[in-house]
Amino acid sequence: MIDHKTGTRQEWLAARLELLAAEKELTRRSDEVARQRQDLPWVRVDKDYRFATDDGDASLADLFAARSQLLVYHFMFGPDYQAGCPSCSAIADGFDGSVVHLANHDVTLCAVSQAPLAKLQDYKKRMGWSFPWASSFGGDFNHDYHVTHTEQEWRTGAVEYNFRAMEVTPIGATDLHPMMTEISASVGVDWPTYRQQGPGMSAFVLDDGVVYHTYSTYERGVDALWGMYQWLDRAPLGRNEQGFWWRRHDEYDND
């Protein structure tokens, strides 16, 4: 039995109106943060990044697909992975249907991963997704935007991520949390190989033939893109998480 307070409809309404005021304040604050986000200075991208796509070799400008804005989801799928990260997969389930709406608003949403294109195509077919997905295999794009780190970086015990030097579990550590082992096993690699990748998203604009980097976010900054969590935050018991509970959508036992 769930231990939670109960009350009358009148008591609920009074509490709900108090919460509504807090929600409105949060919405206004979110609007202001969005304005700050859009006011960031643009940084010109001069490096010639190359990607493998369904349509062949592509530049960063090509990923815009003739639109002026590009949103890149840094999908955790390393070269040695046998499947995409389950967390990133849950996020992709949420944004797959938004791609067509964004395109109609002059925005292209594209996922980018380090795995070779053939792996991405096979996994995309398995998941039933339609969003564009480019491979940065062999290039610097993932490293430059701090979502891939080398084994040498990991051996130092700290990597640059989320705009700071972040302490990490060194390569070879044996006292791993069981959840670490379970998540890395779900993509067919060990924890050090799994965690060489990190989630994030980056935004770019194409202005007069020049690409500019406008924004990036990592860690909890990706939470807002994880549609499942936005629903759970409004469910009676919230996220109510216990360990590695989510799965790829074709791995749940629905019997």
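**Close-up views of aromatic and nonpolar side chains**

**View 1. Leu13 on helix α1.** Leu13 belongs to helix α1, residues 9-38 (helices, H or I of at least four residues, are DSSP runs numbered from the N terminus). This is a predicted model, in which local features need pLDDT of at least 70, side-chain atom pairs count only at pLDDT 80 or more, and totals for chains, interfaces and linings use all residues. Residues are numbered from 1 along each chain as its sequence is written, and side-chain values use heavy atoms, without hydrogens and water. Leu13 is partly exposed, at 43% relative accessibility (buried is under 20%, exposed over 50%, partly exposed in between; 1.4 Å probe, protein chains only).

**View 2. A nonpolar surface patch.** Trp12, Leu13, Leu17 and Leu20 make a patch of about 380 Å². Areas come from the Shrake-Rupley method with a 1.4 Å probe.

**View 3. Charges over rings.** The charged end of Arg9 sits over Trp12, 5.0 Å from the ring centre. Arg247 lies over the face of Phe244, at 4.5 Å from the ring centre. The rule: NZ of Lys or CZ of Arg within 6 Å of the centre and within 35 degrees of the ring normal.

**View 4. The Trp129 and Trp133 pair.** Phe, Tyr and Trp rings (six-membered ring for Trp) pair if their centres lie within 6.5 Å; planes under 30 degrees apart are stacked, over 60 edge-to-face, the rest tilted. The count is 28 aromatic pairs. Trp129 and Trp133 have ring centres 5.9 Å apart and planes at 55°, so this pair is tilted. Trp129 is buried at 8%, and Trp133 is buried at 4%.

Key
Patches are made of residues with over 30% relative accessible area and no salt bridge: like charges are joined within 9 Å, nonpolar side chains (Val, Leu, Ile, Met, Phe, Trp, Tyr) within 5 Å. A salt bridge is a side-chain nitrogen of Lys or Arg within 4 Å of a carboxyl oxygen of Asp or Glu. Helices (H or I, at least four residues) and strands (E, at least two) are DSSP runs, numbered from the N terminus.
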